[in-house]
Structure formats: structure tokens, C-alpha cells
Amino acid sequence: MEAVKKQKNIVDLPNNGVFPDNYMLDISKVTKIYPTPKGDYVVLDDLDLKVKHEEFISIIGHSGCGKTTLLSMIAGLNPISRGTIVANNMTVKGPGPDRGVIFQAPSLLPWMTAYENVMLGVKQVFAHGTKKDRDNIVKYYLSKVGLEDAMYKKAKDLSQGMQQRVGIARAFALKPKVLLLDEPFGMLDSLTRGELQDVLIEVWNQEKITAVMITHDVDESIFLADRVIMMTSGPRAKVGDILEIDFARPRNRAEILEHPDYYKYREHLINFLEH
């Protein structure tokens, strides 16, 4: 934690009790404005959202509602026009290892092996650890995503689904406080998508870190999340509705599909998106 605090892109908040201990993320009055020749374009307008420790939320909404913009601001990759984002009691001013990101495309270095791609980040975050410790971390997470037999294959020789497994392993291996997922399965076929949802939720169940996921998929959001955050259509988008998903964890896909509440949740989300 001390190493994180010393980074220039994160500043400590005064201990004034404003930020309750049970929240990992506090997004307050966040506005994002892009200047254009015709005037300011307001993507997000006074958006408020709080996310608890170890909570998994999904954010859903129509294209152009600012979902990815919000995620990129939490990650510190996109400056905030107005408002504040606080992660783990620290105001976000830029990217940092406390927030891991899994993108739609895993962005691996194709000439490196799966092992080497994960090790790149591990070396940076655990620079003071022993070589054996770093090796154990990389192998552990690659094994958790089912790549124990493919960790020394070059990224360019892996299927798209296997590359995304490497991306998932890399994100968890950095031990972030918050995991940010930007439609991580959007480019995959339905079978691979389902398999990787199961992989993701299995590892997340063990790690118990806060997760925020962007998705267009109603079923995916219900299966994975504790709460589904529904965004209003842009411009000037904000949180339009929040749906609590009251399924016990760990979750079994077949059991959830047979649960009577599943279709109530699904209908609620579809009705919101259609209006």
C-alpha cells in the first residue's frame, strides 16, 4: 500500500469519514465533457455510484451512453471533467496497479509466450519479490485460467479465447484492489464466451476483489453481477436504474437459468433498455 500511495497519480484523502469503509469505489458527481467545434458534448452528467468492497457490478446500456468512458475514468486513463472518483480511499488521478483492466482485446505481445506476457506486469508490480515468488504467481494464475499446458506457447499461436484467458490471468496476477472489465468476452463465440465467464467468476470467487464490468449482454450481467447498473441513453447519461441480483454464490449456470427470479430480472433489464 505504501508503494501505491507514493505514486504521483494517486493522492490520499483526508480521514474525515466522508468515505465509508464498506465502499471500494465512490463515484461522485462525475461529468465528462468533450469540446467540439459546435460546442461541448456532455457524455456523462453528474453521475453518482458507490461500489462495495468485494462487490461485482455490471454496467449495461445502449451504445454511446458512456459506459466505456466511465470505466476508462475509473482506470485513470481518461481525465474527469468534473466530480471525483475515489478508489480504496484514494482519489484517482491516473492509472495505477490498484486497478486492473481486462479489455475486449487482450493486447498481448505476440512474439512473447503467455508466461512472458503475464510476467511483464508481475515484474513491475512485484519488483522487490524474489524470482521464485514471481514465477509462482505467474504459473498459479495461468493454471487457474486453464493454461497450464500452454503457458510457454507464443501469444500469436493461441486462439482468441486462449489469448483472453491470458488477459484474465495477467489482470488477477497483479493483485489489484479493483478489477475493471470492458466487454471482455464481446469478440468471442457464444460457447467460448460461456466458458470464460465460468473461468472469470471462479477466479473472482477465490480472489474476492471488487469488479466492475461493462457488457451489452443481459444474461451475462445477471449471471455474473451482484448488481446491474443501467445507464440512461446519452448524451448527458447517468445511472437510470439499479437491479439487485439476489442469487447465492458460488453460482451454477444451470440452476440460475431454472430459477424463477431469473426471468423477472431479465424482463426488468430488457424493459429498461427498450424504453
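Predicted model: local features only at pLDDT ≥ 70, side-chain atom pairs only at ≥ 80, totals over all residues.

Q: OK, how do α5 and α6 cross?
A: The axes of α5 (residues 160-173) and α6 (residues 190-207) come within 11 Å and cross at roughly 15°. They are therefore roughly parallel to each other (angles under 35 degrees count as that). The crossing is right-handed.

Q: Which residues of α5 and α6 make the contact?
A: From α5 it's G161, Q164, R165 and F172; α6 brings T192, E195, L196, V199, L200, V203, W204 and E207. Contact here means heavy atoms within 4.5 Å. By class there are six nonpolar, three polar and three charged residues.

Q: And α3 with α4? What's the angle there?
A: Roughly 130°, with the axes of α3 and α4 (residues 131-144) coming within 9 Å. The crossing of α3 past α4 is right-handed. Among the contact residues are Y115 and V122 of α3 and I137 and L142 of α4. The contact has eight nonpolar, no polar and four charged residues.

Q: Switching topic: is N117 buried or exposed?
A: N117 counts as buried because its relative accessibility is 3%; the cut-off for buried is under 20% relative accessible area, with a 1.4 Å probe and protein chains only. N117 is found in α3 (residues 114-125). Not counting residues up to four places away in sequence, N117 touches L108, L109, M112, A155, V166 and R170.

Q: How many residues of α2 are buried?
A: Seven of the eight residues of α2 (residues 67-74), so the helix is largely enclosed by the rest of the structure. Just after α2, G76 takes a positive phi of about 85°.

Q: Last one: which residues touch the most other members in the largest nonpolar core?
A: F56, L142, F172, L179 and L200, out of 53 residues. A core here is a set of buried Ala, Val, Leu, Ile, Met, Phe, Trp, Tyr and Cys residues joined through side-chain atoms within 4.5 Å. A second, separate core of 27 residues includes L44, I74, I229 and A237.

Key. Residues numbered from 1 in each chain as written. Heavy atoms only, no water. Axes fitted to C-alpha atoms, helices over the stretch in contact; angles between N-to-C directions. Helix = DSSP H or I, 4+ residues; strand = E, 2+ residues; numbered from the N terminus. Parallel < 35°, antiparallel > 145°, perpendicular 65-115°, else oblique. Left-handed = near helix turned anticlockwise from the far one by under 90°. Nonpolar A, V, L, I, M, F, W, Y, C, P; charged D, E, K, R; others polar. Buried < 20%, exposed > 50% of the residue type's maximum accessible area, 1.4 Å probe, protein only.
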